[in-house]
Amino acid sequence: MDIKQIFINNETWIKEKLKLDEHYFENLAKGQNPDILYIGCSDSRVTAEDLMGVQPGEVFVHRNIANMVPNTDLNVMSVINYAVNSLMVDHVVVCGHYYCGGVKAAMQPADLGILNPWLRNIRDVYRIHHEELDRIENEEEKYKRLVELNVQEQCINVIKTADVQRAYRERNMTVHGWVFDIKTGKLIDLKIDFGAILKNIMSIYRLS
Ligand code: CO
């Protein structure tokens, strides 16, 4: 791709926005008030705003390899803290996707250098659910199921944070687990039962 084209595209985009609303950028500059925190994969095919059909200002977005929420990752933990406590979002979404390269890499036995500690988090999800996963003979089905289980575990990681537990109690904030199917474009709701998970893990993970 010619990088110069990006700036041409940007000029076109500005003109289109201003044609619809001459105060568009003035209003955008006033501040943000998103209702959703979206945690998704960095994969170039999974464009957060596009697939949800939302506009700038509507969703606070964090993306990393395989939509992970590691407890020791200051980046994602800061994003959750800011979104929940300052932006006061009412929904936290973890969105995975089928055919995720990060999940695929974690399924291969290979030394991937600096990626090892990151992928270890996905391998841990495999270990927790190995009985179910080992029963699936079809490799593609197993891969897809691990994507779903990884979303579920990352939702649990979100629920383990003190900020989210407090926001749930105080304003009924909720957590959602979704999977984007690249082959069809469909967004699938895994119907994560926030209340049930919280109840289940509270004896160990209650922080707030
Ligand atoms: Co991915």
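Biologist: Why is cysteine 41 called buried?
Modeller: Cysteine 41 has a relative accessible area of 5%. Buried means under 20% relative accessible area, exposed means over 50%, and partly exposed is in between, for a 1.4 Å probe and protein chains only. The value for cysteine 41 is under the buried limit, so the residue is called buried. This is a predicted model, in which local features need pLDDT of at least 70 and side-chain atom pairs count only at pLDDT 80 or more, while totals for chains, interfaces and linings use all residues. Residues are numbered from 1 along each chain as its sequence is written, and side-chain values use heavy atoms, with hydrogens and water left out.

Biologist: What makes Cys41, His97 and Cys100 donors of the cobalt ion?
Modeller: Their atoms SG, NE2 and SG, in that order, lie 2.0 to 2.3 Å from the cobalt ion. A donor is an N, O or S atom within 2.8 Å of the metal (3.2 Å for Na, K and Ca), and since water is not among the atoms, a site may look incomplete. The distances meet that limit, so the three atoms count as donors. The spacing of the donor residues in sequence is C-x55-H-x2-C.

Biologist: Why is it said that cysteine 41 and histidine 97 tie parts of the chain together?
Modeller: Cysteine 41 is in strand β1 (residues 36-41) and histidine 97 is in strand β3 (residues 91-97), so the pair joins parts that are 56 residues apart in sequence. Helices (H or I, at least four residues) and strands (E, at least two) are DSSP runs, numbered from the N terminus. Histidine 97 has 1% relative accessibility, so it counts as buried.

Biologist: How do you know whether serine 44 is buried or exposed?
Modeller: Serine 44 has a relative accessible area of 65%, which puts it in the exposed class. Serine 44 is in the loop between β1 and α3 (48-52). Its C-alpha is 10 Å from that of arginine 63, a residue 19 places away in sequence.

Biologist: What makes the contact between aspartate 163 and asparagine 85 a polar one?
Modeller: The side chains of the two residues are joined at 3.0 Å. A polar contact is a pair of N or O atoms within 3.5 Å; within protein, one must be able to donate a hydrogen and the other to accept it, and residues adjacent in sequence count only if both atoms are side-chain atoms. The 3.0 Å pair is within that limit, so it counts. Aspartate 163 is in helix α9 (residues 162-171) and, at 14% relative accessibility, it is buried.

Biologist: Why is aspartate 2 said to cap α1?
Modeller: A side-chain oxygen of aspartate 2 lies 3.0 Å from the backbone nitrogen of lysine 4, at the N-terminal end of α1.

Biologist: Where is aspartate 181, and why is it called buried?
Modeller: Aspartate 181 is in the loop between β4 (174-180) and β5 (187-189). Its relative accessibility is 10%, so it counts as buried. In the protein chain, buried residues make up 41% of the 208 residues.
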